[in-house]
Amino acid sequence: MSVMDPTLEEVKRKAEGREVLLDLENVSLSFGGVKAITNISFNIKKGEIRAIIGPNGAGKTSMLNVINGFYQPQEGVITFNGEKRRSMKPHLAVSQGIARTFQNVALFKGMSTLDNIMAGRATRMKQNMLWQMLYWGPAQREEIEHRKKVEEIIDFLEIQHIRRTPVGTLPYGLQKRVELARALAMEPELLLLDEPMAGMNLEEKEDMSRFILDVNDQLGTTIALIEHDMGVVMDLSDRVVVLDYGRKIADGVPEEVQSNPEVIDAYLGVSH
Amino acid sequence: MFYRTSGQFKTTYESDQALFPIKQDMILLVVILAAMYVIFPMFASEFTYKALLVPVLIYSLASLGLNILTGYAGQLSLGTAGFMGVGAYACYKITTIFPEMNIVIALFLSGFFSAAVGVAFGLPSLRIKGFYLAIATLASQFFLVWLFEKWAWLYNYNASGAIEVRTMDIFGLVVTGPTASPVVQYYFVLGIVSVVTFAMINLTRGRYGRTWKAVRDMDIAAELVGINLMRAKLSAFAVSSYIVGIAGAMMVFFWKGAAEPNLFDIPMSFQIVFIAIIGGLGSVMGNFLGAILIVALPVVLNLLPELLGLSIGSATMEHVNVMVIGSLIIMFLIVEPHGLARFWALIREKLIIWPFPH
């Protein structure tokens, strides 16, 4: 631990001072007889990077799907921004400020990078069909205004050179970055990243880590992150929640979680 | 060589997002429009209008409508001809009920009826995808043709069961019916096709186009960037059927002059699907290229032996025709599965960087 690194107490104090953005209380989700998530409670605070980790099949992705309304939990209370939500649809979650990226790249393959990111702003564009058919007046102004925002994101993530390239032809690392750009175009308050570094080489991982920190730091976006690379998780995140078989087994700052015997058991296995 | 883009700098997003970011494209379009509006009418005979120009334009428009649905929004449809029929019959009823109405207004109004029917038959798309949806649209095809036959009110209780367009004029100019001059009809068709095409180019490069393409490429991701799938799909059905309906109405009013229900049967649906696929799904220009290949080429091939002084029986020619067109379609699909529009895009790209290989 270098001199610059904050001590454990400092990290904890920082986390406690923050407001809660998303709170999950006793959330359970099952598909028929299969229990994907059992009675999980945790919260995500404003401005933090919150990692969700666990072995395969622990329910991490299901957790994200619950948060952005793709799955409806059978039990539990979810409070976002102080508001209890009853039922949720993914496209409504976006308008509330929740954006996400996917484990497998889910870009619109036939469209250019620019169009993909512009599509992320679909819900913010309001001009009606008639104006759009003319592409003139308000419709053109709206298009340009959003283009400016999108260009800012393109600059931020350093993808200027692939603006016009169809995303289907891009290398994997860049596709992941375009996906992050599309999520940022939604100007989310809470950004859900599902394995942003899966399948990347070291250099791409370093780039992506830098972008995640920059997004968190400069744009003030709260980030919930699923990742298998423990080095990345422990370095980036402020707090970590650990799931195993749909249950929460640990929650806390990286140092605490790392030394938790249950977490070590879940990852390394334990002899019975 | 012709497409030298050096020296054309973009300093504003406005100019970067202009309809023609490259100057040469605009010049090309002006040349084509000049040919369509000025040069063709100087030479064309009545036969050229009736057999070549007007059919190509109308089929292009119908294919454009289908392309919005299938090429942009990714919803496969085999019911195009049925929706064309709705447009035609709606226009027929509108002109019967309001005999004084301007035919162009009636035409644009009839599109709303086909749009409504299209949305109704598009509802299954919210649940099913791909080939299963194609079968559902096929049902609309059968149902609509059956309706045109059985609902006598639609054809004003004619003994023949067909709709016949009466003579109508705009400011003294006869535009429909047997006495209308083909030149006038050609200009009306050309004008309407130009306007609709312009509107669709704009629509497809803006928010709606992106929304539709997002639904086509990955509907789950589209939903998670905040796109309402139901609205996106149904708006595609509405816009598509609107255009297809206008094309159907124009087919009857400005070209055929009369129509029986079986005109709007499956063969025409398939023909329009072929035009869209060969022209290029997800492209506006492709529809025109496809229509030229599928609609105009057979006519030209039929005339060819006569022009070359060969005496081939018309029955033989008919067979040769089918063979030539068939092999051309296969060839184009092998050379460029993404259609003629992509073919042109590749040529254009090569021209821009010529003489360098990349």
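What covers the buried residues of H11(B)? Working from a predicted model, I found that the cover includes helix H3 (46–72), helix H4 (80–97), helix H6 (130–150), helix H12 (285–308), helix H13 (314–335) and helix H14 (340–353) of chain B. The residues of H11(B) that I listed as buried are Met268(B), Ser269(B), Ile272(B), Val273(B), Ile275(B), Ala276(B), Ile277(B), Ile278(B) and Gly279(B).

I then checked the length of helix H11 (residues 266–279) of chain B: at 1.5 Å a residue its 14 residues should span 20 Å, and the end C-alpha atoms are 20 Å apart, which agrees. After H11(B) comes Gly280(B), for which I noted a positive phi, near 130°.

Next I took up the pair H3(B) and H11(B), whose axes come within 9 Å and cross at roughly 70°. Since angles of 65 to 115 degrees count as roughly perpendicular, the two helices H3(B) and H11(B) are therefore roughly perpendicular to each other. On the H3(B) side I noted Tyr59(B), Ala62(B), Ser63(B), Leu66(B), Asn67(B), Thr70(B) and Gly71(B), which meet Ile272(B), Val273(B), Ile275(B), Ala276(B) and Gly279(B) of H11(B). Sorted by class, the residues of this contact are seven nonpolar, five polar and no charged.

Last, I turned to the chain contact, where 24 residues of chain B touch 31 residues of chain A. On the chain B side, helix H1 (13–16), helix H7 (182–205), helix H8 (207–217) and helix H9 (219–224) each supply at least two residues, and the largest share, seven residues, comes from H8(B). I counted this side of chain B as 11 nonpolar, seven polar and six charged residues.

Terms used:
Residues are numbered from 1 along each chain as its sequence is written. Chains are lettered from A and ligands numbered from 1 in the order in which they are written. This is a predicted model: local features need pLDDT of at least 70, side-chain atom pairs count only at pLDDT 80 or more; totals for chains, interfaces and linings use all residues. Helices (H or I, at least four residues) and strands (E, at least two) are DSSP runs, numbered from the N terminus. The expected span of a helix is 1.5 Å times one less than its number of residues. A residue is buried if 20 or more other C-beta atoms lie within 10 Å of its own, exposed if 12 or fewer, and partly exposed in between; C-beta atoms are placed from the backbone. Two residues are in contact if their C-beta atoms, placed from the backbone, lie within 7 Å. Axes are lines fitted to C-alpha atoms, for helices over the stretch in contact, and angles run from 0 to 180 degrees between N-to-C directions. Angles under 35 degrees count as roughly parallel, over 145 as roughly antiparallel, 65 to 115 as roughly perpendicular and the rest as oblique. Ala, Val, Leu, Ile, Met, Phe, Trp, Tyr, Cys and Pro count as nonpolar, Asp, Glu, Lys and Arg as charged, and the others, Gly among them, as polar.
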